[in-house]
Amino acid sequence: MPDVIVIGAGLAGLACARALTDAGIACAVWEGSDDIGGRVRTDVVDGFRCDRGFQVLNPAYPAVKRHVDVRALGLGRFDRGVAVRTDDGLHAIAIDPRHPAELFHAARATGIGLGSVVPLARWFAPTLRPPRSWLGQPDRSLGEGLADSGVMAPARDRLLVPFLSGVVLGDPLAASEQFVRLVVRSMALAAPGVPAQGMTALPHQLAAGLAEAVELNRVVRGVARDGEGWRVQADDASEVAKAVVIATDARAAGELAGTPVPAMHGCVTDWFACPAAPSPTRLVCIDSRAGAVLANTAVMSNVAPSYAPAGGHLVQATCVWRDGEAPPSVADVQHAAGDVYQADPSAWRHLVRHEIRDALPAQPPPLEPRRDVALGDGRFVCGDHRDTASIQGALVSGRRTAAAVAAHLGRPLPG
Ligand SMILES: Cc1cc2nc3c(=O)[nH]c(=O)nc-3n(C[C@H](O)[C@H](O)[C@H](O)COP(=O)(O)OP(=O)(O)OC[C@H]3O[C@@H](n4cnc5c(N)ncnc54)[C@H](O)[C@@H]3O)c2cc1C
């Protein structure tokens, strides 16, 4: 009998299994799909690395600093900031606390007005203070927080909302201000990037040494008490363990353990092979104009040349996928992305579309970053839905669940 069965080999399940295994606790990981990684996977299409939905790794995330060998991932780094498409072109804007004067440039270039600089700086300032100094305070929506700092339209609607929509994949003004601060902070402290081999390299690094423990294509249908342990029932396997960790996405956890399922936000990412890079930029690009189709787009091969085969260029274009709405057509996305770069996209070749209905749990206020992971009697649940909707949240959740499991087994983790 294994001490623990972890259900799900996403980042949370892998982080949990890794911590338990390192502590000598026998652990099996049952994953329902054909590879590890969960929402962090990469398809290779005609030699192009297309992550399953555009996402980036933030080296400033505390859990990444602690548990990921970022150097070994060979990160291709974005430039710190964002490129903003306005009526008169694509403007590069640095988001960099070392260069606060950039805010004046941003205000001029994007037409949001110099009068918005002081309110923006007022809202931004606490973000750079240690999170423990503000995470304990009462939370509110970002919309309320911005209004309190005097950030109004057009800075809010032409800069922050278009940029942050692609981060929370929903209405950022309804999101927890503290959650947005955590994400913006990590972007301001270090340039995000993508591993040379694609985002899939992150879970594969976490899984090093776990190969024997991981069973793929094993969809768990139920978890039930069995004597002193828990029986985990899959289609073609059944086993009892002293403890079980449900490290699935929120929806599957709801089915297996009855935990609440948060509202989820979705997105659609299209990947295009281009005969030439439509822009030299290494920034994530947003469209600040009314009626914009895209949440963001990026020339991935400028950032990580290994994302394209020799001589090729790769563009991603992502739209928020709102409930009840059909995603835009590939042709509309292609046109919109070409327009952002002011380039002719007619020779671009569509490689693949990723439609991700449950990409991120919504993060309304108040932020509850450390929800209970112990369900009682040796049954545990972990994942980004128990912490924060991010790589950081999934990693933290996995580690703290491992600590709770180890304590339950009477073999506390060192440190
Ligand atoms: C498009 C997109 C963009 C994102 N962008 C960013 C970003 O830029 N930065 C950032 O920090 N975060 C980002 N995120 C969020 C981040 O990827 C997730 O928060 C994180 O990967 C969640 O990990 P998890 O382990 O909690 O869940 P998951 O990755 O969902 O893992 C759950 C695992 O459980 C398995 N499973 C489910 N049901 C069963 C079952 N019944 N039996 C067996 N196995 C099962 C699944 O197959 C999956 O492998 C993004 C996510 C998406 C989708």
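How far apart do the C-alpha centres of domain 1 and domain 2 lie? They lie 31 Å apart. Before I continue, please note that this is a predicted model, in which local features need pLDDT of at least 70, side-chain atom pairs count only at pLDDT 80 or more, and totals for chains, interfaces and linings use all residues. Residues are numbered from 1 along each chain as its sequence is written, and side-chain values use heavy atoms, with hydrogens and water left out.

The protein is divided into domain 1 (4–41 + 200–262 + 365–408) and domain 2 (43–115 + 153–160 + 187–196 + 264–361), with bounds from an automatic or database domain assignment. Their contact, meaning heavy atoms within 4.5 Å, takes 18 residues from domain 1 and 22 residues from domain 2.

I turn now to the ligand. Both domains give residues to the shell around the ligand, so it lies between them. Of the 34 residues around the ligand, Ala12, Glu31, Arg39, Asp384 and Ile391 come nearest; a residue is near if one of its heavy atoms lies within 4 Å.

Which residue places a polar side-chain atom 2.9 Å from an oxygen atom of the ligand? That residue is Gln55. The protein covers 90% of the 1,000 Å² of accessible area that the ligand has on its own, by the Shrake-Rupley method with a 1.4 Å probe.

Note on methods: Polar contact = N/O pair within 3.5 Å; in protein donor to acceptor, adjacent residues only side chain to side chain.
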